[in-house]
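I hope they are handy while you look through it.

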Amino acid sequence: MTQSRPSTTSEGATASSSPRVELDVERIRSDFPALGQRVHGHRLAYLDSAASALKPQSVIDAVVKNYSEDGANVHRGVHWLSQRATTALEAAREKVAKFMGSATVENVVFTRGTTDGINLVANAYGAANLSAGDEVLISHLEHHSNIVPWQQVCERTGARLVIAPVTDSGELDVDGFERKLSERTKIVSVAHVSNTLGTILPLARIADLAHARGAVMVVDGAQGAPHLGVDVQALGVDFYAMSGHKLYGPNGIGALWGEKSIFEKMAPYQGGGGMIRTVSFEKTTYAGLPERFEAGTPNIAGAIGLGAAVDYLTNIGFAAVAAHEKELVRYGTKALAAIPGLRPIGTAKEKVGVFSFLLENVHPHDLGTILDKRGVAIRAGHHCTQPLMKRFGVPATARASLGIYSTRSDIDQLVGAIREAQEMFS
Amino acid sequence: MDDLRELYQEVILDHGKNPRNFAFPDASNCEADGYNPLCGDQLTVKARVEGDVVLDVGFQGQGCAISTAAASTMTEWAKGKTRSQIDEMFELFHSVVTGKKDADEDELGKLAVFGGVAEYPMRVKCATLAWHTLEAALAGKKEASTE
């Protein structure tokens with residue numbers, strides 16, 4: 001699917017010394033059955049991938065195959081169906097570990113998603129290692145799922161939640177972040193990419209600063225993984241949580257990678273089947289990684305679907321994903337900037353394809369409804385980042401977000417529908 | 001644009017843009033804050049009530065055209081009405097915006113323009129936020145939420 005060929009875009013003047021890796025976007029689009037439908041009589045312009053990405057046929061097939069053919073529970077089953085399901089589940093773990101750049105497989109735990117992964121770290125690491133007066137440092141642009149679990153664990157332990165500032169363009173203020181670090185900082189937890197603004201955070205730099213203070217570095221990778229890929233070793237972080245459904249995979253599945261030396265010392269926070277070595281009423285001993293953090297029957301089909309999703313992305317390659325997205329971000333930023341009365345929120349230099357904006361005279365929710373009627377799917381609201389909304393002094397924004405199947409036509413359709421909404425509310 | 005005009009009728013666009021009673025009445029004696037956690041819309045309704053009658057009512061806050069227009073038309077309508085009249089109208093209004101009943105201009109007057117909301121289940125809470133808030137104020141509660 002990856003191919004090198006000269007640029008064929010209309011603005012093809014971007015000469016590059018290295019061969020340009022391009023996505024065959026039409027081919028990719030044909031892999032996503034949901035894109036073939038019409039919405040209210042219009043071509044679907046799906047610009048809500050930051051909420052959930054659509055799924056390619058290969059992911060759907062992998063899930064269906066598991067339910068159709070294997071369908072049995074994993075581990076400890078001596079029968080054929082169970083063995084097959086177990087093999088497929090563990091193969092998926094290997095794929096995900098490789099995708100995340102992990103040197104080993106056992107420190108990749110399947111979760112319900114990013115939220116679940118962060119809760120796991122907050123509870124299994126945070127609660128055990130924080131005491132009164134310690135600090136957990138997050139940033140002002142975090143999603144509620146990277147705020148609330150820390151607030152909860154701070155409440156329980158007497159630790160303090162500290163917030164690093166964000167600039168007017170929506171970038172992390174690294175100097176401000178550094179000033180918020182202290183000898184009491186035990187955990188730093190930030191997003192790889194802001195779900196509301198698209199800002200890419202300088203993770204490697206943040207990790208260095210955190211580690212210099214002896215803090216553990218946790219990453220909310222819900223938005224980072226689908227746009228940038230993950231290389232936990234290059235990033236130098238200690239925990240990285242991601243979600244399947246933002247990565248063109250199934251809902252209700254995600255993965256948490258943890259630095260092995262830290263992860264293997266952590267006590268489990270959920271008890272149940274599958275995570276034990278021996279159980280008696282007097283004492284239970286726990287299984288090692290990853291099982292000790294996977295109590296209960298896992299989301300087997302989901303994990304297998306996630307494996308198929310990372311296969312799909314790996315085949316395309318993130319160089320191609322990034323090149324495609326960069327061009328669209330440029331195109332989209334320009335197209336939106338040309339709309340009078342449109343105020344972009346989040347203008348970071350390093351950003352992925354997430355466009356948050358406000359429109360004079362048109363409330364984001366009205367815009368969302370009008371766009372939907374024209375086949376354009378965007379999201380309107382606070383995007384689970386209420387503190388960030390407050391930082392920018394707005395109650396809500398409209399947000400259009402890109403995926404690997406996005407095209408200029410999607411953006412053109414968005415712009416046309418925005419113009420129509422403006423006309424209606426003029 | 002016709003399909004959208006079912007929802008965004010002239011009256012709604014007008015009241016959304018230029019809300020009436022967009023100020024608190026003098027000597028108000030009951031109030032409540034309304035909040036729609038789904039979208040962050042927030043408004044405060046204050047009223048002056050004597051006995052059983054709402055003598056004056058107004059609101060402040062921020063919201064989409066639907067919720068602003070709903071608050072505006074509600075405050076226009078509610079002046080001089082008794083609590084039981086307001087309860088009754090809210091019940092009727094709620095049935096209409098949720099599609100359980102057709103909008104009848106004879107019963108609803110200007111409020112009939114919200115009939116189009118029934119086609120947009122995600123927007124029902126926008127149309128009812130102000131009503132929930134007025135009801136809360138009259139019931140002596142401080143807060144209303146559409147959740």
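1. D134(A) is buried, at 3% relative accessibility (buried means under 20% relative accessible area, exposed over 50%, partly exposed in between, with a 1.4 Å probe and protein chains only). Its salt-bridge partner is R184(A), at 2.8 Å from N to O (a salt bridge is a side-chain nitrogen of Lys or Arg within 4 Å of a carboxyl oxygen of Asp or Glu). R184(A) is partly exposed, at 33%.

2. A word on conventions: this is a predicted model, where local features need pLDDT of at least 70 and side-chain atom pairs count only at pLDDT 80 or more, while totals for chains, interfaces and linings use all residues. Residues are numbered from 1 along each chain as its sequence is written, chains are lettered from A and ligands numbered from 1 in the order in which they are written, and side-chain values use heavy atoms, with hydrogens and water left out.

3. Over all chains there are 28 salt bridges. One of them joins D311(A) to K95(A), 2.9 Å from N to O. D311(A) lies in helix α11 (residues 300-316) of chain A and K95(A) in helix α3 (residues 80-99) of chain A, so the pair ties together parts 216 residues apart in sequence (helices, H or I of at least four residues, and strands, E of at least two, are DSSP runs numbered from the N terminus). D311(A) is partly exposed at 30%, and K95(A) is partly exposed at 33%.

4. In chain B, K110(B) and E76(B) form a salt bridge, with the closest N and O atoms 2.8 Å apart. K110(B) is partly exposed at 40%, as is E76(B) at 33%. Through shared partners, D14(B), R20(B), E76(B) and K110(B) make up one network.

5. Chain A has an open, mixed sheet of seven strands in the order β6-β12-β11-β10-β9-β7-β8 (two strands pair if DSSP finds at least two bridges between them). Its edge strands are β6 (108-111) and β8 (160-164) of chain A. β6(A) pairs with β12 (residues 254-258) of chain A in the antiparallel sense over four bridges, and V108(A) has W257(A) as its bridge partner in β12(A).
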